[in-house]
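Here is a friendly tour of a protein model, written for someone who is new to reading structures. Please keep the picture open while you read.

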Amino acid sequence: MTLEPVLELTNITKRFGDLVANDSISLSLGKGELLALLGENGAGKTTLMNILFGHYTADTGDVRAFGQLLPPGKPRAAIEAGIGMVHQHFTLAGNLSVLDNIMIGTEGLGHLRTARREAETKLKTLSERFGLQVNPNAFVSELSVGERQRVEILKALYRDARVLILDEPTAVLTRIEADQLFETLRDMTASGLSVIFISHKLGEVMAASNRVVILRGGRTVAERQTAKTDRAELAELMVGRRVVRPVRTDQEPGRDILTAKNVSVLEGGRKILDTIGFRVRAGEILGIIGVSGNGQAALGQLTSGLLAADSGTLSYDGHETKGFSPHMLVRAGTGRIPEDRNTEGAVGEMAIWENSVLERIRESRFSGNGFVKRAACRNYADELIERFDIRGATPDTGTRQLSGGNMQKMILGRNLASSPNLIIANQPTRGLDEGAIAAVHGELLEARKAGAAVLLISEDLDEVLALSDTIQAIFKGRLSAAVPAAQAESRAIGLMMAGIWEGENAA
Amino acid sequence: MRLERRDNTPLVLMIAAPVVAVVIALALSGVLIALAGVNPLDAYYEMVKGAFGSRLSISETLTRTTPLILTGLAAAVAFRARLWNIGGEGQLYLGALVAAWLGHSLASVVPGPLAIVIILLAGMVAGALLLLGPVILRIRLGVDEVVTTLILNFIVLLFVSMMIEGPLKDPLAFGWPQSVPVDREVLLPKLLERSRLHIGLLVAIFAAVVVWVVQSRTVFGMETKAAGLNPKAASFAGIKLGKTLLAVACISGGLAGLAGAIEVTGLKGYVTLDLSPGYGYSGIVVAMLAGLNPIGVVITAVFVAIVFVGADSMSRALGVPSFIADVIVSISLLTMLVCLLFTSYRVRR
C-alpha cells in the first residue's frame, strides 16, 4: 500500500460476554480509497466500525486517524478527527427540516442566533459538489429512503468528515439509488476523501470498491485488490466454504391454488392495491418484483389474512372470498413468511418453542382443554431445530438471540413442517447472508417440487429471476401482466418495475 | 461506562434484584428517618416489631396484605398485556359499593354461603365493567387508558360519596357518611380467632395461583403474553388483539373489584370513603416490585403491608411521621426500576 494512511486500526479485540466479536483485527485505509468491508451477518463488521467511531470501546487495540491516537469511547473525538458515520438505521429526526437535522449538535447551546444562512450556503455547496441533491427546507419525514441517506452523508460532510463510514448503505435502497450512491462515493474518493462501506453483497463490492477486506467470525481472513479477484473467490472467502445457490428445474404446474381477480384495497380513500389480478398454481412459483413501497406490504397482508379486499375476489383452492383470516389460512395449509421477521414473524421476548407453535397453538397436538401441551410443543420445536438446521438454539432459547438467518429458518420451518399447499413468502431473504439465502431458496424450491404454490414477493431481481416460473411487476399498487420467467430478460423487467408495461394489467 | 443488553438473565440476578432494591430503599429512607432525629436501625426494629412482634401485629399485617395481593394481581395481569390500568382504586370502590348493597339486601333472600359467593362475583363484575369502558374506548378510538382509568377513580369516589350520603346511607350511623352495613350472615369467616384476619387472604392467594397457572400454562395466557409483547406478531399469528384485551380487562378489573368486595365483607362491613388507603395505587407498586409475576405479587404485597403496618407502630413508638411508609414504598419502586435495568443490561467499562 503506497497510499498515505488516513486511518489505522491495530489489533482491535472486542468481547461481548463469551462471544469474541472482533479478534485482533488490524485495518488501514489510504487517502482517496474506497474500501469495502465484506462479511456475513455476525462477522463483526458493524462492531468494528462502532469501535472506530467510538460507540464501543475495544478491549484491546487502538485507532489512529491521520496519525493521531483517538481516545476510545468518544464519538465526538472521532467526529473532530474528521470521521463521519452513516448508520444502517438512520439517525434523523423526521419532524425537523433537512437543514436542522444537519446543523443539530454543531452549534453551542449558548448562542442566541444561529448561523442558518451560512449553514444553508455551505450545505448547498456540498450538495452541488458531490451531486447530492436535496431540498434543505424539506422535512425529513417527507423524504424517500434514498434522500434520507443523502442527508446522512451530507450531515457527515457538513462536519468536515474526510473519512466516511457507511454501514450496509444499500440495504434500503433500490438498485438505481444504489448505483447513484456508488457514483457519489467514487466522486468523493476522487476528490481526496476516503470511504469504508460495509456490505455483504458481492455485486456491489465488486462494482464499487478499490480494495476488499473480508471478515469472518470476528477475524480478517483475507484482503484483496478488487481488480484482482472475482465474485466466486470473495463468496468463498466470506462464507468459508463454497456456496451454491440452488437452481430451479422445470416442472408442469398443477391446478389453481390462489387467484385474485380485480382486487382493490383502499387505505384512507387511496387505492394501495389497484385492481390487481394474479394466479398461482400448484408446483409453481409466482414472483412479484418491485421497488420497495409499491404495495408489496399490502399484497403481503392481503394474502396473509390481515387485510380484506374492498372490491374484487380472491379464490383459494376454488373457495371464493374477499379476505382470509390468519387462522383460516393456517388451518387450510398456507405457510406465511412475513415481510419483517422481527416485528411480525416472531415475538423476540418469547422462547423458540413458543414462537414455533404460536399460530397453531389451538391445534389438538399442541393444546387441550385450553392448556398448552408444553412437552409436545418443545418436542416440535426440537424437530424444527434439527430438521431446518437452526443454529445456536434449544427450544427454550429466547428468540431474540437468534441471528436473522436462523430466525428466518425457524419461521420457514414452522410453515414447511406441515407440508403447505400454498406459501406466501414476503421478502424471504431480506437482510440474510449468502449461506442463509441458499438455505431459504433451497427450501422454497423443495416445497415447490412437493407441489406447493408459492407467491414470492421480493425486491431482489436476482432472487425473483432465479426462483420464479412466472413474474409480475408491482408498481404503485398495480400488477403487470404475468411474464413467463423463461421469456423474461432483466432489462424488460427493469422497465416493468418502473411501471412501464404494455396495455393495462391483465388478470 | 455503557450499558449492554444481556442475552439472558441469570436466575440469581432475578431474585437478587428486588432484594437489593429494597435494601437500597431502606438505606435511603434511613437518611430521612435520621433527619427526623431517630436512629434508623431503631426505627426499622420498631417497624419489624410492629409488623411481626405479636400475634395481633402478624394478623394485622396479613389483613393488610389481602387487598394488596388482589390489586397487585389486577395491575400485573393488565400490565403484562400492555393494558395500563391505573384505575384499580376506582374498581375496588365500585366492587365494595356493590358488595355493601348486595350484602345488605341479599342475605334475607338467599342463604349465607351462596350469598357470599354472589356478592364476591358481583364485586368482580362491577370492577370488570368499570374497566371495560376505557378499554373499548382504546380499541375503538385509541383513547389512552392511562388517562381514562385514572380519571374514573375520582368519578367513582364521587359516585360512592353520593350513594353513601344518599340512597345507600346507613340511617343508624348518626349522620356519618357511611353505607348500609352488610348482614352478619354474609361476613367472611375469620381465619384466626380474636383477630381481624379473614379467609379473604386465602381467596387472594388462590387467585394468585390461578393467575399464575392461566398465564404460564394455558393457550389464553400464551396468547395474551404474545399480544402484550408484540401486537403485530400476535395478530400475524391470528390472535385477535381486541378480544384478548377485553378478556384481560375483565380479569384485571374483576380482581380489583374483588379486593373491594372482600374488604367490605371480610373486614369493614360497610363502605366509607376511607375504605382504602390507596390500595388501588399501591397495587401498581406491588405488581412492579414483583416484576409482574403473580406469585411474586404475593411476596411483595406482604412486604408493602409490613412497611405500612410497621410504620404505624414505629410512628407511635418513636414519633417519626408514618408518612415514611409511603416514602419507603415509593423509593422501593424507583430502586426496583433501576435494579430491573441491571437484570436486562450489564454495565461495561
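Four strands of chain A form an open sheet in the order β2-β1-β4-β5, with antiparallel pairing. At its edges lie β2 (19-30) and β5 (68-69) of chain A, each of which pairs on one side only. Strand β4 (residues 60-65) of chain A joins β5(A) through two bridges in the antiparallel sense, and A:A65 has A:Q68 in β5(A) as its bridge partner. Helices (H or I, at least four residues) and strands (E, at least two) are DSSP runs, numbered from the N terminus. Two strands count as paired if DSSP finds at least two bridges between them. Strands of a sheet pair through backbone hydrogen bonds, either parallel or antiparallel.

Before going further, note that this is a predicted model, in which local features need pLDDT of at least 70, side-chain atom pairs count only at pLDDT 80 or more, and totals for chains, interfaces and linings use all residues. Residues are numbered from 1 along each chain as its sequence is written, chains are lettered from A and ligands numbered from 1 in the order in which they are written, and side-chain values use heavy atoms, leaving out hydrogens and water.

Now look at strand β20 (residues 453-458) of chain A. How many of its six residues are buried? Six of the six are buried, and the strand is mostly covered. Here buried means under 20% relative accessible area, exposed means over 50%, and partly exposed lies in between (1.4 Å probe, protein chains only). In a regular strand the side chains alternate between the two faces of the sheet. In β20(A), A:A453, A:L455 and A:I457 point one way, while A:V454, A:L456 and A:S458 point the other way.

| Strand of chain A | Bridges to β20(A) | Direction | Residue and its partner in β20(A) |
|---|---|---|---|
| β19 (residues 422-426) | five bridges | parallel | A:L422 with A:A453 |

Together, β19(A), helix α15 (residues 434-449) of chain A and β20(A) make a right-handed β-α-β unit. Right-handed means that, with the strands pointing away from the viewer, the path from the first strand over the helix to the second runs clockwise.

Helix α1 (residues 45-53) of chain A has eight of its nine residues buried, so it is largely enclosed by the rest of the structure. Among the buried residues of α1(A) are A:L48, A:M49 and A:F53. After α1(A) comes A:G54, whose phi is positive, near 90°. Helix α9 (residues 296-304) of chain A is mostly covered, with seven of its nine residues buried, including A:L299 and A:L302. After α9(A) comes A:G305, with a positive phi near 85°.

Finally, turn to where the chains meet. The contact (heavy atoms within 4.5 Å) takes 26 residues from chain B and 38 residues from chain A. Chain B and chain A bury about 2700 Å² between them, 56% of it on carbon and sulfur atoms; buried area is the accessible area (1.4 Å probe) that two parts lose on being put together, summed over both. In chain B, B:V219, B:M222 and B:F236 lose the most area to chain A, together 28% of what that side buries. Between chain B and chain A there are two salt bridges (a side-chain nitrogen of Lys or Arg within 4 Å of a carboxyl oxygen of Asp or Glu). One of them links B:K225 with A:E354, with the closest N and O atoms 3.1 Å apart.

As for confidence, chain B averages a pLDDT of 90, and 98% of the residues score at least 70. The pLDDT is the predictor's confidence in each residue, from 0 to 100.
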